[in-house]
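I opened my notebook to look up a few side chains and aromatic rings. Here is what I wrote down as I went.

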Amino acid sequence: MSFKRLESEDFLISTDAIVAPAFAGGSSNNTNGTAVNSGVSANYFKAYNGTDGRGELAVAFGDKTGPVSGSQAVYKQFANLIQGSADSDLAVGTSFVAVVIDRQRYKQSILPSTFRINDQVSTETAAAPKFVATGSTDVVFTDAGRQFSNGKTGVAGALFLYPDIGTALINGGSLPTNIAAADVTADSEEVITSNYVFIRARNAEFNYSQNPTFIDSTTGGVRYTDFITAPQTFITTVGLYNDNGDLLAVAKLSKPLKKDFTKEALIRIKLDF
C-alpha cells in the first residue's frame, strides 16, 4: 500500500441538472383522471393516481373565510408553508385552487419553464391561466423556495408556481370535479453534485508493493531481483483517507492497471451526492 497527499488542484466540484418528464410512463403530462379519495374531504381535496397506480396529483380548494375544518384549513396550511404564518395573506388572493404534484414525481423541483395548466381554451385568458413567467427577473423567494407568477396578483386568473414544492396556486374558482389526462404538464428537475478527485501516479510512484507476493516475509527484502531493477505493480483499488488516517471512500478499478517506471496513470474518481 502506498500513500500520496492530494493537492487542491486534485479536486473539482461540478453540478448538473437532470431534467425528466414528471409523470407516469415517462410522460410530461399527467396520465389519469381517477380520484382515489372520497367522503367529506373530497369536498375540498382530491387525489389522483397515474396509470402506473402511483400517486400523481392532488388538487385542493383553499378559502381564507371558508369552513374551518375544510377550505380554510387548506388556506392556512399553504399560508404557513409559503409565508411562514397561517394568518398571512397569500399573493394569489383570498381563495385558490392548489395543484400539487406528488413528490416522487417531481423529485427535487419542477422545471419552471415546463409547467403548464392545460384546458380546452386555446389561448390564455383571465379565467384560464396557463403558464407563468420564468425569467431570472420574475423570481421571488419565499419560505417555500422560489415563486413565479403570471403577473397577476389577487385577481381572477392569478397563477403562482412554487417549483421547489411542486405546487401551483390559481386564484378563485372551485375544486374541479375531475382532472383529466394531460390537464397538467411538467418536467422534474434534479441537481446532481459531483465531486471529482484526480489521482495522478507519476512514473516514479506506486511501482513497489507491500503485497506478500512482493516482499519476502523472512528477510523483509523484495522476493525477486527483478522487483528491484524492473518492478511493476497492478493498481486495483484507490482509498481516500483523511488526515487522521480514516478511510473515507474506496474506488475499485474495472480492471487492474499495470504500473512501472515507464508508465504514468491518471485515475478520476467521481462521487455523486
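I started with Phe-261, which comes out as partly exposed at 36% relative accessibility, because that value falls between the 20% and 50% cut-offs. Keep in mind that this is a predicted model.

Next I looked for its partner ring. The centres of Tyr-208 and Phe-261 are 6.2 Å apart with the planes at 75°, so I noted the pair as edge-to-face. Tyr-208 sits in the loop between strand 12 and helix 3, while Phe-261 is in the loop between strand 14 and strand 15, so I wrote down a link between distant parts of the chain, 53 residues apart. Tyr-208 is partly exposed too, at 40%.

How many aromatic pairs does the structure hold? I found four. Another one is Tyr-75 with Phe-96: it is tilted, at 5.5 Å centre to centre and 35° between the planes. Tyr-75 belongs to helix 1 and Phe-96 to strand 4, so this pair ties together parts 21 residues apart in sequence. Both Tyr-75 and Phe-96 are buried. I also jotted down that Tyr-75, Phe-78 and Phe-96 make up one aromatic cluster.

Last entry: Asn-30. I found this residue in the loop between strand 1 and strand 2. Is Asn-30 buried or exposed? Buried, because its relative accessibility is 2%. Its side chain reaches the backbone oxygen of Ala-180 at 3.1 Å, and a polar atom of that side chain lies 2.8 Å from the backbone nitrogen of Val-184. Beyond its neighbours within four places in sequence, I listed contacts of Asn-30 including Phe-23, Glu-56, Leu-57 and Asp-183.

How values were computed
Residues numbered from 1 in each chain as written. Predicted model: local features only at pLDDT ≥ 70, side-chain atom pairs only at ≥ 80, totals over all residues. Heavy atoms only, no water. Helix = DSSP H or I, 4+ residues; strand = E, 2+ residues; numbered from the N terminus. Buried < 20%, exposed > 50% of the residue type's maximum accessible area, 1.4 Å probe, protein only. Polar contact = N/O pair within 3.5 Å; in protein donor to acceptor, adjacent residues only side chain to side chain. Contact = heavy atoms within 4.5 Å. Phe/Tyr/Trp six-rings, centres within 6.5 Å; stacked < 30°, edge-to-face > 60°.
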